[in-house]
Amino acid sequence: MKRYSVFAVAREGLRYHTGWERAWRSPTPKKKYDAIIVGAGGHGLATAYYLGKNHGITNVAIIEKGWLGGGNTGRNTTIIRSNYLQDPSAAIYDKALKLYENLSQDLNYNVMFSPRGLIMLAQTHHEVRGYQRTVMANQLQGVATEWVTPQQLKEIVPILNIDGPRYPVLGGLYQKRGGTARHDAVAWGYARACSAMGMDVIQQCEVTGVRRDGNKVIGVSTTKGDIDCDKLGMVVAGHTSVLAEMAGFRLPIESVALQALVSEPIKPCMDVVVMANTVHGYMSQSDKGEMVIGGGTDSFNNYTQRGSFHHIEETVRALVETFPIISRLKMLRQWGGIVDMTGDRSPIISKTPVDGIFVNCGWGTGGFKAIPGSGWAMAELMAKGHSPLAEEFHMYRFREGKFIDESVAAGVAH
Amino acid sequence: MLTLHCPYCGIQADETELAAGGEAHLKRYGPGSSDDEFETYLFMRENKKGVHLERWRHAYGCGKWFLAARDTATLEVYGTYAAQTSEPPVEVKAAIRAKHPGWTWKEQA
Ligand SMILES: Cc1cc2nc3c(=O)[nH]c(=O)nc-3n(C[C@H](O)[C@H](O)[C@H](O)COP(=O)(O)OP(=O)(O)OC[C@H]3O[C@@H](n4cnc5c(N)ncnc54)[C@H](O)[C@@H]3O)c2cc1C
Ligand SMILES: [Zn+2]
């Protein structure tokens with residue numbers, strides 16, 4: 001793999017950009033791999049990357065039914081933060097944030113990480129108490145967050161209407177290290193680095209069955225034939241239940257649509273990410289100037305990557321009171337992804353009832369921010385059978401009642 | 001927008017007047033059941049890509065619960081029926097089988 005650098009840009013500039021090589025190979029599958037990862041979204045690719053980088057396991061294939069990053073990874077609104085309430089969440093999301101801070105250098109690929117700061121508005125007294133509690137929890141966890149007053153908020157976000165009649169802004173939870181990154185670049189950067197380590201990223205190849213010998217996995221069936229493996233990682237987000245059924249077990253997951261939309265581009269007007277959880281909407285401004293907007297999930301089970309129009313309407317209607325300047329913006333594009341929701345709104349990184357099969361799922365509406373940390377933990381779990389970061393995220397916590405309850409802490413999809 | 005026929009008031013209701021209630025025909029487990037049964041009842045869902053039997057409430061209409069057979073891969077609605085049943089009525093099963101010939105409803109449970 002040729003490294004990207006300012007010298008490479010200069011060299012290629014002088015020879016009409018004829019020397020750039022493909023960022024990753026498109027190999028035909030081998031007969032057998034040490035490990036197969038199903039799903040080339042961010043979490044699958046990051047798992048493969050850290051299997052190679054941290055544990056020296058490079059005989060790995062990442063199998064993707066569509067194109068890499070074409071699932072939720074390429075459809076999300078890219079909010080990155082680690083201001084969670086529960087300790088296991090703070091640990092894994094903050095690990096991810098720390099890795100994001102150096103990811104461009106690590107991967108030699110510009111993921112455009114932009115730690116522009118993130119604010120969660122408190123618009124009810126209940127939320128004020130909730131977020132003040134989170135600030136204190138974050139202090140104990142070593143995650144820097146602070147409480148800001150409405151007047152401070154008005155200075156940070158001038159377009160904010162802090163005295164809306166229905167939901168006045170009463171304060172906010174501010175994480176200065178939070179921000180955004182370029183979603184496709186995260187997938188592409190990991191894929192390029194995996195390919196450079198000799199791993200096979202196999203696109204347009206759907207896993208259609210899981211093959212077992214007794215209670216041990218021996219491989220998968222795919223639309224490109226059978227492929228054997230010693231270890232199998234299922235990292236397929238909204239399709240987790242489908243894959244688990246192929247392997248013969250069940251998971252506490254439901255798949256629903258989550259949508260987002262962007263406006264026409266406008267001049268820079270907001271240089272932080274703002275989430276308004278009570279009214280169920282959030283917004284940031286892309287480098288192109290578009291306002292990137294998201295809201296809550298649809299209510300019913302759905303695998304179609306299309307959501308209900310009235311949810312978009314609700315999200316935008318809710319945001320208009322808090323951000324009056326968007327009331328006359330035209331919206332350009334809208335899309336949906338299928339998110340994998342667990343009962344406690346926390347992810348699952350776990351061994352499964354089948355030997356050799358590991359699952360990483362349940363990131364639901366908020367897993368983009370976790371990609372590096374999740375891949376780190378999943379790789380460790382697959383390589384060593386144990387990972388401190390993943391410890392409490394096992395799939396049996398629902399039976400034991402050991403929930404990692406973030407559903408109250410993060411009332412909105414992000 | 002999703003519209004469902006309310007079997008009680010007989011109107012075609014818009015999604016905005018309905019509230020989704022998750023998978024239908026769950027078997028309830030309570031005191032005295034095993035950990036396995038209780039976990040399954042509380043958290044494990046079919047979450048099928050395909051035929052899904054589910055509960056809906058006509059929240060801003062007559063207020064009553066009813067059941068629907070819907071396809072989560074195509075968003076097609078195969079039919080709705082009253083909640084006081086332990087399995088889908090024959091015409092709903094027939095509508096499902098017209099699209100999914102091998103489908104039997106017991107596999108869903
Ligand atoms: C609209 C929207 C907004 C969001 N906003 C945010 C946000 O602001 N911040 C944040 O942190 N998170 C956000 N999220 C959540 C985030 O996108 C996801 O949690 C994350 O991207 C999940 O990554 P993944 O790698 O697990 O899944 P995916 O990226 O979905 O990858 C799974 C892959 O598996 C493949 N696959 C499935 N079945 C098979 C099969 N049988 N064989 C082979 N391949 C298969 C799929 O094609 C897919 O590419 C948002 C999500 C959506 C939909
Ligand atoms: Zn009715």
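A salt bridge here is a side-chain nitrogen of Lys or Arg within 4 Å of a carboxyl oxygen of Asp or Glu. This is a predicted model, so local features need pLDDT of at least 70, side-chain atom pairs count only at pLDDT 80 or more, and totals for chains, interfaces and linings use all residues. Residues are numbered from 1 along each chain as its sequence is written, chains are lettered from A and ligands numbered from 1 in the order in which they are written, and side-chain values use heavy atoms, with hydrogens and water left out.

**View 1. Where chain B meets chain A.** Here 23 residues of chain B touch 26 residues of chain A, where contact means heavy atoms within 4.5 Å. About 2,200 Å² is buried between the two chains, and carbon and sulfur atoms give 53% of that. (Buried area is the accessible area, with a 1.4 Å probe, that two parts lose on being put together, summed over both.) The rule finds four salt bridges across this interface. Zoom in on B:Lys48 and you'll see a salt bridge to A:Glu245, with the closest N and O atoms 3.2 Å apart.

**View 2. A salt bridge inside chain A.** The whole structure has 27 salt bridges over all chains. In this view, A:Asp226 pairs up with A:Arg211 at 3.7 Å, N to O. The pair links distant parts of the chain: A:Asp226 sits in strand β11 (residues 225–234) and A:Arg211 in strand β9 (residues 207–213), 15 residues apart. Strands (E, at least two residues) and helices (H or I, at least four) are DSSP runs, numbered from the N terminus.

**View 3. Helices α3 and α10 of chain A.** α3(A) (residues 87–101) packs on α10(A) (residues 371–384) at about 110 degrees, with axes 6 Å apart. Axes are lines fitted to C-alpha atoms, for helices over the stretch in contact, and angles run from 0 to 180 degrees between N-to-C directions. The two helices are therefore roughly perpendicular (65 to 115 degrees; under 35 is roughly parallel, over 145 roughly antiparallel, and the rest oblique). Among the residues making the contact are A:Leu99 of α3(A) and A:Trp376 of α10(A). By class, the contact has eight nonpolar, two polar and one charged residues. Ala, Val, Leu, Ile, Met, Phe, Trp, Tyr, Cys and Pro count as nonpolar, Asp, Glu, Lys and Arg as charged, and the others, Gly among them, as polar.

**View 4. Helices α2 and α7 of chain A.** α2(A) (residues 42–55) and α7(A) (residues 183–196) pack at about 35 degrees, with axes 9 Å apart. Look for A:Leu45 and A:Tyr49, among others in α2(A), meeting residues of α7(A) that include A:Tyr190 and A:Cys194.

**View 5. Helices α2 and α10 of chain A.** The axes of α2(A) and α10(A) come within 7 Å and cross at roughly 55 degrees. That makes α2(A) oblique to α10(A). The contact includes A:His43 and A:Asn54 of α2(A), plus A:Met378 and A:Glu380 of α10(A). Its residues divide into 10 nonpolar, seven polar and two charged.
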